[in-house]
Every structure is written in structure tokens, then in C-alpha cells.
Amino acid sequence: MDKLTVSPSPHLHSKVSTASIMRDVVIALSPAIVVSILFYGWSEILVLAVSSVSCVLLEWLIAKYLMKRPELFSGWSALVTGLLLAMNLPSTTPWWIAVVGAVVAIGVAKMSFGGLGQNLFNPAITARVFLLISFPVQMTNWTVPNGFIGGVDAISGATPLGIIKEGLKAGESISEVLAANGMNAHTLLRDIGGSGGEISALALIAGFIYLLVRKVVKPWIPLSILATIAAIAAIFNGIDPEHFTGPNFNLITGGVLLGALFMATDYVTSPMSKWGGVIYGVGIGLIVMMIRYFGSYPEGMSFAILIMNCFVPLINRAFHQKKYGRA
Amino acid sequence: MAKLTFSIGGIHPADSKLARDCKIETLPLPDKVYVSMSQHLGAPAKPVVAVGDSVKTGQILAEPGGFISAYVHSPVSGTVKSIGPRKDLAGFNQTHIEIDVQGDEWAEGIDLTPELVTAIPEDTAFILDRIKMNGVVGLGGATFPTHVKLSPPPGKKADCLILNGAECEPFLTSDFRILLERTDEIVVGAAIMQKVLGCCPCVIGIEENKPEAIAAVRASVARLAYPGIRVETLRKRYPQGGEKQLIDAVMHRQVRSGGLPIDVGAVVQNVATSLAVYEAVQKNKPLVTNVLTVTGDCISPDRQHNYLFRIGMPLSFIAEQAGEVPEGAVKLVSGGPMMGKAIANLDAATVKGSSSILYLGESTRRGQQCPCIRCGRCADACPMGLEPFLLKRLWAAGDDSGLEANAVQDCIECGCCQYSCPANIPLLDNIRMAKARVMGIIRARNAKK
């Protein structure tokens, strides 16, 4: 009674905290993680463990000993970065490459900008792009799904996106590429090798719906990315189906879903307003399709998100809330 | 029927109406009351009694100190013991009249019978005079003198009188109780104010979490059959009872920044004010009583109360009537948990606008502040469409013109931003300081013109 607090209003606070938000993101990622472990087995577990532990440990070490501000260690947020990084790596990635990725994600992309909330670029994607350019062989050594469930031996090979890109570069048409690789339009959508987080569309979507229900994210950014990709693919594929892949294929393959649902929606590196988010999403969709159709890489989701990350401060400046009584 | 609500922002805190089923109890009289001269918005009232005078209940103690000011009446009968500074509940010194209570003998000409008087005086000047002379002020929080608000400036006309029964603040139940127990008087009060405002239509807005009140008021409106009064159900959403938000919800009009509700033809009065208007006009009874809720999340259900109190009663007296202050209390708040003031001084006296003594436990403690993750929840929650994260940053950078350009002066201090922030950033603390500075700059600039 003799120790009453006096402070300005409000005297209530919602139960949502940064930690509870990041915990929700971890929960949302878990279906896709489980599926990737089932598909890729022990090697995927190793990548997930090394990446997560290195990210959390590195952030703690940097906050405590380099920045000397231990309160900047964000805990759950570092775990989210670690999981997303692992989900962006092939399951065959050597453990030390995952550690290098963690150094780039946490050390370079996040903490050198001032830690949580201050970074311009998505840490996990920055690390993925760094690794892709530095270790192109290891980073494109995709395994066709072959883990705790399914076949016996792991087969290493390129992803459908990669196969088609190579074929088109060599001057073949899409049907010739598919025939030459013993694939057809049906298996194309089934055997989509890729990094841990890319292989289960359903698990990713289920996790994202959880985030929507928990009101952690809003749907505008993913919807505008997916709609833009589908629209561009429909137009080009409609004009010339022999040289341009179609909407379904482009939506389901590569990092589109993982990127659109979980990477492009990162609070810190995406616009805050609804219409800002739509511009950002359309930009990502455009850049992905430019890279896929006309660039030299088979996939462009990471680059697209990083490029649009640069525009976020400008977009935030251009789009404001609708104000009361100032229409 | 469609439920009405405002169009921008808002939050959904748990409503925690723990005292909703507690009938209004009349408190006994204390030995002393301390009547503040500043219980309304505007200039403090000027005492017209001297130390040693004996006063009767309802007798005028002080007269208005300016155009925007109000009469103050004695809540008890007794002897004026002293007139001087005393700390109010926020700890600021205000002039108070201290009265030794000797019984409860009411002044002449006040009708204390319970009979409902439904016939409304024809003369609006008479009505306004009664409202003014009986010291009626807005009881929804701002305590703006009611006779001023009911006298639109020349050339402005009221299109709608909105009676605010939203009571959107969690915990508070005093408006709910009077809507149930004083229903007819509130409806007559509304009809009186309609008359003053040129017989404009009246909408009584009540939030959906008070269905009993909605039914009671609907029945009363039908029974009394005054023209042009209707009841609307409002969605449960904070700050539904904010003046600007309520106008948006009911009339689908928005008051321009810096403007007044009357600019869009709206006059908003709280239901408790309507009751005070009824008593002032029909019974010639001054505003010396009001209802407050004693409640909180750290006191047991049998300790929740709705009390009819006399203004000037020390908060400590009311708290004692309700029992000991609980061990777990971290904060005592006068008013709602979103906009009320933390009580620094339990010896402070109640005023006309007192609406609660709220005991908050551990849940009110502020969490550890973390870095902003730019989630945008504050901007989504702001009912004025402001960007609190941006305002805080501009305040930290000392950018006054940036703050003004981003409308910091429009902030209604509802607390939605700070409530919503997952990083526990004290957004409103910062915005209040920024708003005060920018308002000062705007006033200085206007004074030069």
C-alpha cells in the first residue's frame, strides 16, 4: 500500500509482446520444418540445428561482448532468423557453410545495423544471397526429396527451375526439356526438389494461416506478390508457352512461397502501410519474374526481396495512414 | 439492426466490467468535505463564502471565474472551516473550500421528491439558466461547462444531439448503472437538451456489451414518447466513447482537425450529464452528487461497488467504505484504465467528474522496453490515423515542424498506441510531450496574427 505506482495513462497493456510474436512465427514455421525433416532426414536436422544455434549464440555474443549492450539480444527473433536461414539452404549444405551464413545474417545484416528493428535487409536472405554467390556449387546441390519417408537413395540434381533454365539457355523449348528429363507437366509440380523450406507448399500455407489468425501478419504483401507472379506468368505463358513457364509452376517452385509468406512479411524490412505493402509486393513479383524469364539465375526470389528492401524507407515515406478529419 | 462504430483504428481490450451487477449504493456523509474550485474545464470558480459561514446543501459556494467556468455548490450542510490550497489527486495545489459537515439540510427551492417530471419548460433561456446556475458540467471526462456547450455560436446549428452511453473504458460501470436505475430521468434530460438545441434529433449510443441498458432505454424512449429520440447499438470497441469517434460512428461525419463538433452539427453529451441536466432543470437540484465505481482486478467480487457520492468527499473516505486497500494493488486510478489518472494522493477530494477508484494489480506494470520492430500496430490502433512510431521518432529528433506536419496536435491521448506496442515503448508519454510543445507553437503563432 505504501508503494503505489504513479505513471501516465494508459494503465493497461495488450498481452502481445515482441517475444510472443516471434514465438508465433516459430510455431508457424514448424509444419514446414517437420515436412522438410521427413523429406530430407538427418542432414536437414543438422542444417536446422547448426543454423539456429549459431544465429542465437552469435547474436548473444555480439550484443554482450562487441556492442556491450546485452539488452539488444532478442532471443526468439534470432531463432526465427536461424530457422529461416536453414530453410533457405539445401539439406546437403556442409555445417560450416551454415555457420558462415549465420555470421552474415546476424553479424553483418542485423547487428552491424544496430540489432533488432534497425536492419535494412532481411538477415536470412542476405545470408542466402551471400552464400549463393560465394559457394555456388554447394548452394545448388539440391537433393530430390528422399528422407525418412519415400525412396532409398538420395539423388542429387538441379531443381525443375534450374533444369528448365539450362534447357532454355541451350535453345530448347520447354516441352523438349521436359521430355529429355523424363518429366511431364504433372511430375513437374510433384518432384520439386529444393531447399528445406521450399518443398511443402501446404505446410507453408498452413503456417501462414496460423499467423493470419493470430493477427501477426496481414495478407496484403503475400497476396500482391503471388498475384503479380501469376499475372505475369499467365500473360507470357499465354503468348509463348514453349519459352515461358506458366503461373502454377511459377507459384509453387523455388522460394516463392517461403519468400512471399515468411520472408517478405518481415516487419522490420517491409513497408508498414497497406498500400505501401502492395507496392512492395508487386515490385517483388515483377523482379522475380524478370530474373526467372530474362536473367541468368533460374530463381530470383532472394534478389527480388533484397532489392525491394532498399525501397522500403522511401515507400514508408510516401504512404501514410488515412487521418481522421483531414480528408 | 446494424451496430455502429467509428472508421479508423481502435482496440479491443477485455471489458472487465466487474461491478456491472452492483446496484448504486448511497454513501454516508464524512466529517469533512473539501470542495475544489477547479472541477471543470476553464477558469477556477471564485469563492463567495467566507470562513466561518454556515452553508446548506446545494447552496452556492463559488461563482464562475470566467466565460468558460462553472458554479460550485455545497455538497453538505455545515460550517466553512478554511479556504485555501490543497493537493488534488494528481498532486497539484488547487483552491479548496473545507467544510465541517453538520447534517444534510438542503437549501430552499430544491425539489428532493423522486417523482418524474416529464413536462419540459418552453423557455430555453430558463433551461440554460437552470443548467448554468446549478453548476452542470460534462461528466464524460472533460467536465466542460454544459451551458456553454449547449449554446452553439451564432450561425452554427445542431443537426444531432448524441447522448454518449458507450462507456468504452474497461472496468467502469457507473454510466451502465444509471442507464438502468435512472433511465427515465436520462431520457427526459435528453429531451430538455433537444429543446435547447432547437429540437434536433437525438441518438442515444450504447455499446453492445450493455444489452440490459439498451433494452431499458428503448422501453423508456417508447413510453415517454418524446419526438426524435432513438437508441443505437454501438460495437464494443475502444475508444467508441471518444467525442470525435462517436460523431463518426453515429453521423458518419468527421470533425476537421482543430474544429469543434458543432462545425459538423454535432453536440455530444454524456448520459450522466443528461441526468444532471434533468435534476438541474426539473428539480432545480445543483450538481453535488455523481456515481462512481470502486473496482479493480486485484479486489474480490464482493468488494466491487457503484456509489452515489457527494462531491468533495475524500477518496480515502470512499476507499475505506469499500474496505482496506488490497495488498496486491500496484496502482490506484481515478477514471478508466486507458485514460484515467493514477492517484498520487488518496487524501484528494472527489470532483464533479470523478468516475471511479480503480485498483489495478500486477497487470498494470509496464514491461521491459525493447527496440521497435516496425510492426505498425500503433498506427493500426490510432483512432485519429496518426503514426505514433513516427511521432516518437520526430520528438526524439526535436523536429517540431515534422511533428506538426504529421498531426501530433490531433492526438486525443486515448492510449491505443501504447496499449498495442509489443515492444512496450511508452509512445503516448513521448507524444504527450510533443503535442504540448507543438500546441504551444501553434498558439504563439495564432496570437501573432
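This note walks through a predicted model, chain by chain.

1. Chain A in outline. Chain A holds 15 helices and two strands. Of its 327 residues, 50% are buried. Take the contacts in chain A between residues at least 6 apart in sequence: 73% of them join residues at least 24 apart.

2. A helix pair in chain A. Look at helix α3 (residues 76-87) and helix α4 (residues 95-110) of chain A. They pack at an angle of about 135 degrees, and their axes are 10 Å apart. An angle over 145 degrees would count as roughly antiparallel, and 65 to 115 as roughly perpendicular. α3(A) and α4(A) are therefore oblique to each other. The crossing of α3(A) past α4(A) is right-handed.

3. The residues at that crossing. From α3(A) come Ala78(A), Thr81(A), Gly82(A), Leu85(A) and Ala86(A). They meet Ala98(A), Gly101(A), Ala102(A), Ala105(A), Ile106(A) and Lys110(A) of α4(A). By type, the residues of this contact are seven nonpolar, three polar and one charged.

4. The parallel sheet of chain B. Four strands of chain B build an open sheet with parallel pairing, in the order β11-β10-β9-β12. Which strands stand at the edges? They are β11 (229-234) and β12 (266-270) of chain B. Each has a single partner strand, so one side of each lacks a neighbour in the sheet. From one strand to the next, the twist averages 25 degrees.

5. One pairing within that sheet. Strand β9 (residues 160-165) of chain B pairs with β12(B) in the parallel sense, over five bridges. Here Cys160(B) stands opposite Ala266(B), a residue of β12(B).

6. The antiparallel sheet of chain B. Chain B also has an open sheet of four strands in the order β2-β8-β7-β4, and its pairing is antiparallel. Strands β2 (32-36) and β4 (54-55) of chain B are at the edges, and each pairs on one side only. β4(B) joins strand β7 (residues 78-87) of chain B in the antiparallel sense over two bridges. Val55(B) stands opposite Gly78(B) of β7(B).

7. A reminder on both sheets. Strands of a sheet pair through backbone hydrogen bonds, either parallel or antiparallel. In chain B, the sheet β11-β10-β9-β12 shows the parallel kind, and the sheet β2-β8-β7-β4 shows the antiparallel kind.

Terms used
Residues are numbered from 1 along each chain as its sequence is written. Chains are lettered from A and ligands numbered from 1 in the order in which they are written. This is a predicted model: local features need pLDDT of at least 70, side-chain atom pairs count only at pLDDT 80 or more; totals for chains, interfaces and linings use all residues. Two strands pair if DSSP finds at least two bridges between them. Axes are lines fitted to C-alpha atoms, for helices over the stretch in contact, and angles run from 0 to 180 degrees between N-to-C directions. Angles under 35 degrees count as roughly parallel, over 145 as roughly antiparallel, 65 to 115 as roughly perpendicular and the rest as oblique. A crossing is left-handed if the near helix is turned anticlockwise from the far one by less than a right angle, and right-handed if clockwise. Two residues are in contact if their C-beta atoms, placed from the backbone, lie within 7 Å. Ala, Val, Leu, Ile, Met, Phe, Trp, Tyr, Cys and Pro count as nonpolar, Asp, Glu, Lys and Arg as charged, and the others, Gly among them, as polar. A residue is buried if 20 or more other C-beta atoms lie within 10 Å of its own, exposed if 12 or fewer, and partly exposed in between; C-beta atoms are placed from the backbone.
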